[in-house]
Amino acid sequence: MQPLDTVAPSGLSSAIMSNHHHDDHHHGHHHDHDHSELSETELRVRALETILTQKGYVDPAALDVLIETYETKVGPRNGAQVVAKAWTDPAYRQRLLADGSAAIAELDYVGRQGEHIVVVENTPSRHNMVVCTLCSCYPWPVLGLPPVWYKSAPYRSRAVSDPRGVLHDFGFELSPETEIRVWDSTAEIRYLVLPMRPAGTDGWSAERLADLVTRDSMIGTGLPKQPHEVA
Amino acid sequence: MDGAHDMGGVAGFGPVRPEPNEPVFHAEWERRAFAVTLAMAKPGGWNIDMSRFAREDRPPADYLSRSYYQIWLVGLERLMLERELLRPGEIEARKVLQTPAPISGPLAAADVDAMLRRGGPTERETTTPARFKIGDRVRAKDIHPATHTRLPQYVRGHVGVIELLHGCHVFPDTNAMGQGEHPHWLYTVTFDGKDLWPDAADQRSRISVDAWEPYLEPADAA
């Protein structure tokens, strides 16, 4: 058994139990600090990378590429392109709803954590919302890595038992007439919500519409922006 | 396992607090822990179900006291210790203490993009017909495996309707334990919110899980 006890929990405010992410990384510029100012976790990760590099198990340059990919290339801008295309191209919308992964691959968004994507469409009578109650499953190629709240206990616990209350936490009041359809991603199927196109956008190009598509609108915890919210 | 990770319907965690303009990572160590985890999986020889089990198989208080990437980190350490890719005391000593076991080769920077694009599809071909069809009423079995499973507690014993068929997929319950992929038919099973949460007011909600065939039985079964 590994010495778990040597990883000092950084307090409840940092834990998965809450949404808080302010754990032990306030010293953001770690290169400027000596070890006495680094947390147990920071020291542990540094030691691990050093050891694995010395053993020849990891190449730090590959780690840099992985990080750069998810910080700069793969994110919700991808999903917004998919949604905007579906809003402007009825044939594409049909393909997207019939086989999400294949239609999304047409835009070259493929691979890890997006191997089997199902797209679910919001309508005036039905609002879709996606969760992973067991861990953090999320469609990476179209949304990037999940936000802290998506992985947190409050969302994972209540998205299935009180979805309307969760939407309220997001400042989003759904009509009582609208059914909420919650998709718990318990297998390797990943779900992407196709939100409704905002009114007042007739004639807009897909490029312009993509600016209205928020990450949360593709998870189901928000709505797209309204035309007046973008310049 | 019925662990702290299985959070659906658990009370008391409070409201969801979205963070405006949230960064992808909140600290340099999160970046490195994320990347090392992705880079080590193939050379380390474990699969995604083994990773999930290594993260969730810990005392509830421990699971709940860690941040997300801290859980990834202890899961990764455990997988490597089990395979002697990491030795006890090495992290504390911050150096290699024993001659490293050979691996098939580390992930090269030039191969990252291809690795991510390839992903890890879990659908497998089958000649076995599906037991259930769309519209069938099924009951989620009231099972409590001691090891990894992906049937959440909040649906166990409840009756739902088959909404989608996804083909045959790798079965996590065996794959997590190194007992093989044993693919089974995978279904989206949809439950009425009023059935799962009878005390909840005004929940016009339906909730689905994705469930492998061994998790399900006909609703009219005893």
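This is a predicted model: local features need pLDDT of at least 70, side-chain atom pairs count only at pLDDT 80 or more; totals for chains, interfaces and linings use all residues.

1. The secondary structure of chain A consists of eleven helices and four strands. Of the 231 residues in chain A, 51% are buried. Among contacts in chain A between residues at least 6 apart in sequence, 67% join residues at least 24 apart.

2. Helix H1 of chain A. This helix covers residues 40–54, which is 15 residues. From its first C-alpha to its last it reaches 21 Å, close to the 21 Å expected at 1.5 Å a residue. After H1(A) comes A:Gly56, which has a positive phi near 80°.

3. The buried residues of that helix. In H1(A) the buried residues are A:Thr41, A:Glu42, A:Arg44, A:Val45, A:Leu48, A:Glu49, A:Ile51 and A:Leu52. What do the buried residues of H1(A) pack against? Within chain A, they pack against helix H2 (60–73). In chain B, they pack against helix H1 (28–44), helix H4 (68–82) and helix H5 (90–93).

4. The contact between the chains. Chain A brings 80 residues to the contact and chain B brings 82 residues. On the side of chain B that touches chain A, at least two residues come from each of H1, helix H3 (60–65), H4, H5, helix H6 (112–118), strand S3 (159–169) and strand S5 (205–212). H1(B) gives the most to this side, with eleven residues. By type, the residues of this side of chain B divide into 42 nonpolar, 24 charged and 16 polar.

5. Strand S3 of chain A (residues 179–184) is joined to S5(B) by five bridges, and the two run parallel. In this region A:Trp183 stands opposite B:Ser208 of S5(B).

6. The nonpolar core. The largest nonpolar core has 117 residues, and those with the most contacts inside it are A:Val83, B:Val36, B:Ala39 and B:Ala211. Domain 1 (28–118) and domain 2 (123–218) of chain B each give at least three residues to this core. Leaving aside its neighbours within four places in sequence, B:Val36 is in contact with A:Leu48, A:Glu49, A:Leu52, A:Val58, A:Leu63 and B:Leu76.

7. The strands of chain B. Why is S4(B) largely enclosed by the rest of the structure? The reason is that seven of the nine residues of S4(B) are buried. S4(B) pairs with S3(B) in the antiparallel sense over six bridges, and B:Ile162 has B:Val189 in S4(B) as its bridge partner. S4(B) is also joined to S5(B) by seven bridges, again antiparallel. There, B:Tyr187 has B:Ala211 in S5(B) as its bridge partner.

8. Two residues with positive phi. B:Glu84 is not a glycine, yet its phi is positive, at about 60°. B:Glu84 lies in the loop between H4 and H5 of chain B. Is B:Glu84 buried or exposed? B:Glu84 is exposed because 11 other C-beta atoms lie within 10 Å, and a residue counts as exposed at 12 or fewer. B:His182, also not a glycine, has a positive phi of about 30°. B:His182 lies in the loop between helix H7 (172–175) and strand S4 (184–192) of chain B. With 15 C-beta neighbours inside 10 Å, B:His182 counts as partly exposed.

Definitions and conventions:
Residues are numbered from 1 along each chain as its sequence is written. Chains are lettered from A and ligands numbered from 1 in the order in which they are written. The expected span of a helix is 1.5 Å times one less than its number of residues. A residue is buried if 20 or more other C-beta atoms lie within 10 Å of its own, exposed if 12 or fewer, and partly exposed in between; C-beta atoms are placed from the backbone. Two residues are in contact if their C-beta atoms, placed from the backbone, lie within 7 Å. Ala, Val, Leu, Ile, Met, Phe, Trp, Tyr, Cys and Pro count as nonpolar, Asp, Glu, Lys and Arg as charged, and the others, Gly among them, as polar. Two strands pair if DSSP finds at least two bridges between them. A nonpolar core is a set of buried Ala, Val, Leu, Ile, Met, Phe, Trp, Tyr and Cys residues joined through C-beta atoms within 7 Å. Domain bounds come from an automatic or database domain assignment.
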